[in-house]
Amino acid sequence: MIRGKNIFVEKEVGRRDFLKLSTKVATVLGLSPVFIPKISYAMQAKEKPAVIWLHFQECTGCTESLLRAEGPDLATVILDVISLEYHETLFAAAGHQIEEQLHAAMKRYAGNYVLVVEGSIPMKENGAYCQIGGKTAIDMLKETAAGCAAIIAIGSCAAWGGLPSSGPNPTGAVGVGDIIKDKAIVSIPGCPPSPYNFLSTVVHYLLFKKLPTLDKEGRPVFAYGKLIHDQCERRGHFDSGRFAEDFGDEGHRKGYCLYKLGCKGPSTFGNCPEVGFNREKTWPVNIGHPCFGCIESKVGYTVPMHDLSQVLTPNPPQSYAQITESGNKPASMWAAGVAGAAVGAVGAAVVAKAKKLPAEEE
Ligand code: SF4
């Protein structure tokens, strides 16, 4: 940990925005409102964890997602909640200068820094497909991991190989956990993941001095414990049997369920509907694109886009999603009530129908 400055004073992140952010982090972490002041305090603490951030085989979308989040400017917040010692995309320096900075940071914070890895690691041809400063990604990862306190594998590429590992995986791309076996690794998959999940992981560490509870794939349970399908604003349409049959058709324009267009929400665990991306809390499904399942190693980049998803929870969730006939505006109480009453009667039959391939019905 190193000492730093108070961004909320020096960089004029407004008090209201800061409070909103602290509340959002508490929500993401599933903490009660009494933690909000503690979260605020943790984010302003002068002791900041040193972070070395590596880029391997990837598109830099995870960093981009972080930089594009606003309200408040999340990049400003995150990059001041941590002490960023090395980041190839954001640093102005390059070449030998930046390599010296990396080694100086590894030495200065030996045993204490957090290693963030973005991108997969190609294993074929002895790692020749990704080299930085003359070193393969394999060697660079092993070298930096040796002295770190913990690793955060950000994005699906670093978590399990992601897009570069999709068939036929020409470079032999793998995730961090396939190479490093003796360190605590927190995986935050997504293509890209929500930056709030990264920030919440860091805040959890600052608040409780330990990593969050992880599932069997090393993902924080607070972010990856719930099925997307159970939180989706279109779930009412699914349960009522209203589906978009094609992109741009009437059902699609009315905001109906995207299951028949290949939505993988029914077999993907994540908090995208709840947390969202960018300023207006968008996520693919609420702008009309089916969930791709990018979080799940056995779904995203594995199951073809238009294949129907396995439905893990055919019964409607207890907290019934609001539905609407047009777009994604909140439904009236009357509409929600009617749909809620109807769904109990028709739910099972509708789900059985929904499981059939669209081609079979047309
Ligand atoms: Fe939402 Fe997709 Fe589930 Fe439909 S299938 S309710 S669009 S997650």
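Predicted model: local features only at pLDDT ≥ 70, side-chain atom pairs only at ≥ 80, totals over all residues.
Rolling a probe the size of a water molecule over the atoms shows where empty space is left. The largest pocket holds about 280 Å³ of space, and among the 21 residues that line this pocket, C191, C272, F277, P284 and C294 are the closest to its centre. By class, the lining of the largest pocket consists of 15 nonpolar and six polar residues, with no charged residues. Because domain 1 (7-224) and domain 2 (227-316) both contribute residues to the lining, the largest pocket lies between the two domains.

In soluble globular proteins, nonpolar side chains tend to be buried together. The largest nonpolar core here contains 49 residues, of which M43, W53, V116 and F198 touch the most other members. This core, too, receives residues from both domain 1 (7-224) and domain 2 (227-316), and it therefore lies between them. When residues up to four places away in sequence are left out of the count, F198 touches W53, L66, I78, V116, I152, I154 and I188.

Methods. Residues numbered from 1 in each chain as written. Heavy atoms only, no water. 1 Å grid on protein atoms, 1.4 Å probe; cavity = no way out; pocket = protein on both sides within 12 Å on 5 of 7 lines; lining within 4 Å. Points joined across faces, edges and corners; volume = space filled by probe spheres on them. Nonpolar A, V, L, I, M, F, W, Y, C, P; charged D, E, K, R; others polar. Domains from an automatic or database assignment. Core = buried A, V, L, I, M, F, W, Y, C linked by side-chain atoms within 4.5 Å. Buried < 20%, exposed > 50% of the residue type's maximum accessible area, 1.4 Å probe, protein only. Contact = heavy atoms within 4.5 Å.
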